[in-house]
Each structure stands twice: as structure tokens, then as C-alpha cells.
Amino acid sequence: MMSRRDPSPLMRTTTGFLFVGFICLAFADIAVTTGDPWKEFSLLLEGLVTPDFYKTDSLALSLAYTMAFALLGVALANVIGFGLALIFHSRIVRVGCAFVRAIHELFWALIFLQLFGLSPLTGVLAITIPYAGIIAKVYAEILEEADRRPLAAVPVGTGRASTFLFVRLPDAWAHFRTYSMYRLECGLRSSAVLGFIGLPTLGFHLETAFKEGLYSEVSALLILFYLVIATMRVWMKKPLLPFYLIGAVAILPWSIAFSWAHITRFFTEDIIPHPIRAGGENMMTALGDWVSMLLYEQIWPGTIATVQLTMIALVVTGFLTLVFFPLISPLMLGRAARTGGHVFLVVVRSTPEYILAFVLLNLWGPSMLPAIVALSLHNAAIIGHLVGRFTETIQLRLDAVKGMNRYFYEVVPRIYRPMLALLFYRWEIIMRETAILGILGIATLGFYVDSAFADLRFDRALFLILITALLNICVDAISRTVRAKLRLQTSLEER
Amino acid sequence: MTLKAIIVAVAVAAMTALSAGQASAAEKFVFTAIPDQDESALRKRFDKVAKYLSTTLKRDVAYVPVKSYAAAVTAFRNNQVQLAWFGGLSGVRARKLVKGSTAIAQGKADPFFETYFIANVSTGLTLSKDFPKAIAGKTFTFGSKGSTSGRLMPEFHIRKAFGKVPQQVFSRVGFSGNHSRTVALVQSGAYEVGATNFKVWKKGLANGTIDPKKVRVIWKTPGYPDYNWSIRGDVDKAFGAGFAKKVQSALLSMNDPDLLKSFPRASFIPAQNSDYAPIEATAREVGLID
């Protein structure tokens with residue numbers, strides 16, 4: 001018989017989230033609406049094994065642009081983020097960073113498209129700005145958690161600058177380097193995805209090829225993309241970095257004109273709510289109507305769908321992680337099988353969830369199902385990888401049980417806390433991505449943002465983006481509270 | 001040491017960028033077109049047109065592809081393109097944003113353009129003279145959010161027939177992105193009903209991409225003005241007096257069937273801004289323009 005003692009806070013939280021997830025799922029639209037999804041899927045598979053590298057116009061150039069945007073964006077973000085990390089104790093800096101990173105790079109790009117058009121500045125800044133916010137936070141945490149023992153050995157009277165440069169920085173530097181490599185990988189993904197809204201990167205051709213069912217072309221584009229990411233550690237060498245950066249600047253088409261007038265116009269006209277621009281006697285009433293129309297018709301349904309999708313994806317990610325991590329865990333599988341597991345997880349996590357969702361939407365039609373699967377697969381592959389690596393540090397007794405008993409009674413209980421920590425850490429990331437999937441036609445907040453941009457109503461677009469950012473900041477705060485309460489910690493390597 | 005190298009690199013890079021920006025500001029006449037169908041073929045379609053305009057106007061003309069209707073309008077507004085092949089609605093939006101810009105040409109078919117409502121045969125719906133009210137409760141896809149024939153006009157007729165917004169009429173409403181995709185989605189059954197541009201429909205029937213055993217037309221809207229070539233008002237200042245006129249006559253005298261096929265239009269005829277007043281009024285009524 002089960003004992004009737006109170007469940008632990010960990011279990012209570014788990015049950016709570018499962019409950020919310022299932023309630024959300026009960027109300028979700030998860031129908032497969034395509035007539036013959038398997039036929040399209042077999043066409044896709046056929047295309048994937050018959051890549052055609054000669055179909056795409058200027059393929060090499062779009063690959064070069066993809067890398068150039070990522071390199072410049074991430075390099076600039078590193079410089080700015082580092083600077084901000086040094087003054088991260090200032091409240092304004094902290095809030096500012098939280099705000100800029102709460103807005104997805106695709107939204108930033110949609111905004112910059114209005115300011116700079118298709119100029120490379122749009123792509124570079126769309127990556128730089130949110131990434132600087134993320135990097136500042138992570139670098140500040142790294143500095144904070146760095147080994148403090150060397151500080152004790154510093155002679156009295158040493159200047160602050162020297163202390164920082166020779167005592168605190170060296171320890172943190174290795175972490176910075178590892179983290180910037182990870183950011184560069186993210187940057188490559190972001191850069192590719194920016195093509196979906198018109199920048200000349202791989203995503204530009206990928207979107208068209210997918211839409212028209214040219215799967216051999218899709219295959220070629222994806223293979224190139226994976227190759228660039230998989231070989232990153234080979235080509236990304238420190239002494240080569242300056243050459244890459246100069247190369248990146250040299251190939252981007254900076255000639256596209258941009259004018260200050262456009263920028264001024266954006267801030268002084270475009271984003272001012274229409275009723276205020278129109279003016280007149282009834283301005284305040286009109287403004288009230290405008291806000292309440294947005295609130296009832298777009299923000300409310302959009303927020304519901306965003307939260308709903310986020311919660312379902314979070315729970316499904318948890319389940320999938322439990323399936324994925326054994327694939328690379330030495331506690332569960334032999335060496336040969338683990339190699340297969342590693343390849344599988346690398347491919348799934350290197351595919352941007354936006355692209356994954358796009359593929360599944362084409363196969364299954366526009367319900368929440370493709371979004372749930374895409375978000376969960378991508379995030380579970382990331383968390384599964386980290387949890388799998390974590391199990392390498394676990395020592396089991398020599399006579400420990402095997403098979404399912406080992407999984408349920410020895411391994412899962414040991415990885416459960418770190419897994420939850422990672423899940424809650426990615427909660428906000430999942431939500432940011434959920435909003436953006438609206439661009440693909442799922443009715444989250446991103447759908448309304450995209451509609452506003454399509455109607456050239458930048459006032460509405462910006463208002464909606466602000467709401468999206470606030471929602472993200474809220475989730476981030478809740479996640480931090482939950483993690484603090486349950487004493488869940490992620491280590492630096494896992495961010 | 002490395003930090004210094006990076007700083008130097010960034011500085012050099014920035015200088016190169018600035019000088020490159022100034023050097024190549026030379027006047028090139030650039031145009032774009034809304035990505036309304038077969039997006040993979042856009043470059044093939046319009047590079048030919050760029051070549052034709054280059055020879056006729058005796059100056060460098062380039063085509064830039066864009067991903068969305070809104071991007072075409074923005075490029076026109078920011079003077080990154082000076083000429084554009086717009087739809088009715090995108091043209092109205094663009095000309096409202098650029099003072100002095102004008103519609104200078106339209107396809108021969110454009111003053112009487114039509115939207116076809118199409119349905120998968122599984123619905124059992126067939127061609128009718130009156131608006132097919134039986135589409136209520138089905139799944140429905142528009143084309144691009146900013147399309148005239150794929151969004152504005154069908155939405156207008158749906159609202160008129162039912163007195164409700166499409167989201168309340170249908171069980172699911174989607175935006176396919178472009179006209180050829182609308183046809184493909186309805187043909188595959190992903191959506192039961194859709195609205196598409198009649199030119200794209202006829203082209204698909206002619207070249208065999210549409211299977212009449214799977215999808216058919218169930219209603220044709222009354223005619224309305226649609227596509228147009230619009231040009232910025234400041235081109236005469238930038239490219240020499242009478243330049244807009246020259247562009248117009250180049251477009252009107254385009255008679256190579258291979259070029260015209262890419263639109264697809266039989267020929268181009270003159271157009272003026274007032275031709276599109278009905279579109280603006282409809283867009284206002286549907287709430288797509290403030």
C-alpha cells in the first residue's frame with residue numbers, strides 16, 4: 001500500500017505543471033488537416049535523399065551571407081554584452097537587457113526592415129541586440145560565480161583595473177570563450193531563419209523551396225546548413241577571427257541606401273497609434289477604442305494561445321527529454337548505439353524550431369500540433385543532450401539493476417532535479433519561440449504581429465510586440481521564483 | 001592581444017563598409033514585384049523584364065526579389081526600388097505612403113480582374129451563379145494577407161454574404177502565402193475551400209499543375225481593378241526629366257509574348273491612380289486600411 005505522506009515540493013510542482021499542460025491540451029486544436037499527410041512526407045523523404053545543389057540561385061552567396069550576419073552579429077553582441085556585464089549591477093542595465101532579449105530576433109528584424117530596409121544593418125542588428133542582452137546576463141553571472149580565491153591573494157593597494165584584468169578576468173575568460181562559441185551556433189540558426197522574412201540568407205531559399213515542395217533543393221540547403229554548424233569547431237579558430245570579420249563586412253551589400261529621414265519617420269509617425277496621428281476632437285475616445293479593439297480581438301486570444309502552446313510544449317518537452325537522454329547515456333546504452341543517439345540529437349537540435357514547425361505545418365496543416373511537436377523535439381534534444389552528458393558523471397554500484405528497472409529506479413531519480421532545472425530555464429525560451437511561430441499561421445501573438453506588419457500598421461505591431469515582451473518577462477520571473485523555491489540550479493555549461 | 005586584433009578588425013570593417021556605401025550610391029534604376037505566385041520562379045520571370053527595361057531605357061535596371069507584399073511596399077516607400085508591379089491593394093498602400101507616386105500601367109485584364117472561389121471535390125460543391133453560402137462551416141484559405149484577389153475581395157464578399165467576419169463563418173481560416181499555394185492546398189485537401197486569382201487558376205489549368213478531378217471553381221466574383229505598375233514621383237528628378245514617361249512607354253510597348261507570359265498578361269495599357277479608388281474604398285470598409 002502507498003504511504004500517505006505529503007508529496008515533496010518537487011512532486012507537487014511536477015503534478016501542477018502536468019495538470020496545467022493537460023488542461024491546455026484538452027482545449028487545444030491539434031487536428032491533422034491535410035488530406036494525405038503521408039504522401040507529402042514520402043515526397044519529403046525522397047527529396048531529402050536526393051539533394052540537388054544546383055537548383056538554387058546564388059547558393060554559395062546566401063551561405064556566405066548566412067555566416068556573415070551571424071559572425072558580425074555575434075561579434076558585436078559579444079563586445080556590447082561584455083561591456084554591459086561589467087555594469088550589470090545597475091538596475092537600468094538589468095531591466096534593459098531583460099527587455100531587449102524578451103523580443104525575438106525575428107521581431108527585431110521586422111522592425112529594422114522598416115528602418116533600414118534590406119540593408120545588411122537589418123540582419124546584423126536583429127542578431128546583435130537581443131544577443132547582447134542575453135550575453136550581458138550570462139557574462140555577469142559568470143563573473144559573479146567565478147572563483148574568488150585568487151582575490152584573497154591580491155596585495156593591498158592593487159588598482160581596480162589591474163585586479164579585474166589579472167585576477168577576475170582570466171578565470172572567466174575560458175567560460176566566455178565556450179559561451180561565445182555556443183552563441184555563434186545560435187547566431188547561425190537565427191541568421192538562416194532571418195531569410196524567411198526576406199534577408200538574403202539560406203532561409204530565403206529554404207522557405208520558397210519548402211512552400212513549393214522542391215524537396216531536393218530543401219535537402220541541399222539543409223545539408224549545407226548542418227555542415228556549417230557541425231564543422232564550426234574546425235573553421236572557427238581564434239587567429240582567423242579578424243579575417244572572418246573583415247571578410248563578412250566585405251561581402252555584405254552595404255550599398256543599399258538608408259536615410260535618417262526614414263528612421264525619424266518611423267519613430268515620430270509610424271509607431272504613433274493611428275488615433276493620435278489622426279488627431280481631432282475625439283482623439284481620446286478613438287484611442288480608447290483602438291486599445292480595447294486590440295485588447296479584445298488580438299491581445300487576449302493571442303495571449304491565451306501563446307500561453308496554452310507554451311505550457312503544452314513545456315510538458316511534452318519534459319516527456320521527450322526522458323526518452324531522448326538515454327540515447328547518449330553510458331548508463332543505458334553501449335558505445336555503438338550511443339553514436340547513433342548523438343547524431344540524432346545533433347541533427348534535431350541544430351534544426352531551428354521555426355524550420356521544424358514550418359516543415360510539420362506543411363505536412364499536417366495549420367493546427368497547434370506541428371508547433372507542439374517542433375518546439376518539444378528541438379528543446380528535448382537540447383535538454384536530453386545535457387542530461388545525457390550529466391549521467392556520465394554518475395557512478396552506479398557494480399551490481400546495480402539493469403534495463404527498465406535501472407532506468408526508473410536508478411537513473412531517472414538522479415537526473416530529475418537537473419532536468420527540471422533545465423526545463424524551467426528553457427521555459428521562457430520556449431515562450432519566445434511560441435510567439436514567433438505565429439508568423440507561420442498559428443494564432444499566437446506572433447500571428448497578430450505579422451498581420452500588423454502585413455497591413456503596414458507599425459503602431460499596432462509595436463504595441464503587440466511590447467505585450468509579447470512583457471509576457472516573456474513575466475514567465476522569466478515566475479520561472480526564477482520556481483527555481484529558487486525548489487533550489488534548482490543550472491551550471492554555467494548548461495546555459 | 002586578441003581583443004586588440006578584434007577591435008582593429010571591427011574598425012577596419014566599419015571603414016570598408018562606410019566607404020563601400022558611399023562609392024556605390026551610383027544611380028541604378030531598381031524595381032520589384034509582389035511575390036504572388038511560384039516564388040521559386042520569380043527571378044526567372046523578372047530578370048527578363050529587367051533586361052528588357054535596361055535595353056529600352058538605356059540604363060542599368062535591376063530587379064530585387066522580396067518575400068512579402070509588405071516588403072515590396074516598404075522598399076518602394078524607402079526608395080530602395082523606384083518602380084513596382086503591385087496588386088490593387090498593395091499599390092494603393094504604396095501610393096498613399098509615397099507622395100507624388102502614380103500608377104502608370106496595368107495589364108489588359110486588370111480593370112476587370114476576378115477572384116475564383118475554389119473547392120476540393122470532396123465538398124460536393126459545384127459552380128454556382130450566386131454566392132455559395134454552403135461554404136459556411138468549412139475550412140477556408142486566403143492567399144497572402146496583403147493580396148487583393150486572395151484576401152481583400154474574397155473577404156469583402158464573405159462579409160457581405162454572411163454579415164460576419166471570416167473567422168466566424170469558417171471552422172478554420174488560413175493564409176497560404178500566395179495564389180499557386182492556395183490552389184495546391186485546396187487541391188490536396190488541406191483546406192476545403194479557398195480564394196485565388198483567376199489568372200493563376202487559368203495558367204495552372206493550361207500547364208497541368210491543376211487537376212480538375214480534385215479541385216474546381218465554385219464561384220466567380222464580379223470584376224474589380226487589380227495589378228498595376230507604380231512609379232515614384234521623384235524619378236524625374238533622379239533620372240532626368242521625362243523619365244517616368246519613358247518608363248511608361250517602355251512598359252506599354254512591351255510586346256514580346258515570352259515577357260508578357262511571365263505576368264501573365266496579353267499586353268499593358270495605361271493606368272492612373274483614380275482607377276483604384278474602388279479598391280481603396282473596399283479596403284477601408286473591410287478594415288485593412290485605417
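**View 1. The two domains of chain A in the predicted model.** The centres of domain 1 and domain 2 of chain A, taken over C-alpha atoms, lie 21 Å apart. Domain 1 of chain A comprises 24–53 + 294–490, and domain 2 of chain A comprises 58–151 + 164–254; domain bounds come from an automatic or database domain assignment. To their contact, domain 1 of chain A contributes 39 residues and domain 2 of chain A contributes 32 residues, where contact means heavy atoms within 4.5 Å. This is a predicted model, in which local features need pLDDT of at least 70 and side-chain atom pairs count only at pLDDT 80 or more, whereas totals for chains, interfaces and linings use all residues. Residues are numbered from 1 along each chain as its sequence is written, chains are lettered from A and ligands numbered from 1 in the order in which they are written, and side-chain values use heavy atoms, with hydrogens and water left out.

View 2. Phe53(A), Phe358(A) and Arg432(A) account for 16% of the area that domain 1 of chain A buries against domain 2 of chain A, more than any other three residues.

View 3. Arg101(A) and Asp476(A) form a salt bridge through their side chains (3.9 Å, N to O). Eight residue pairs, both at pLDDT 80 or more, are in polar contact across the interface of domain 1 and domain 2 of chain A. A polar contact is a pair of N or O atoms within 3.5 Å; within protein, one must be able to donate a hydrogen and the other to accept it, and residues adjacent in sequence count only if both atoms are side-chain atoms.

**View 4. The two domains of chain B.** Chain B is divided into domain 1 (9–110 + 227–280) and domain 2 (114–220), whose centres over C-alpha atoms are 29 Å apart. The contact involves 16 residues of domain 1 of chain B and 13 residues of domain 2 of chain B. Together these domains of chain B bury about 1200 Å², 54% of it from carbon and sulfur atoms. Gln37(B), Tyr69(B) and Leu89(B) provide 37% of the area that domain 1 of chain B buries against domain 2 of chain B, more than any other three residues. One salt bridge is counted between domain 1 and domain 2 of chain B. Asp38(B) and Lys203(B) form a salt bridge, with their closest N and O atoms 3.9 Å apart.

**View 5. The interface of chain B and chain A.** Here 42 residues of chain B are in contact with 50 residues of chain A. The two chains bury about 3800 Å² between them, with 55% on carbon and sulfur atoms. Eight salt bridges are found across the interface of chain B and chain A. The side chains of Glu39(B) and Lys211(A) form a salt bridge (3.0 Å, N to O). The interface of chain B and chain A also holds 20 residue pairs in polar contact, both residues at pLDDT 80 or more.

Technical notes: Buried area = accessible area lost by both parts, 1.4 Å probe. Salt bridge = Lys/Arg side-chain N within 4 Å of Asp/Glu carboxyl O.
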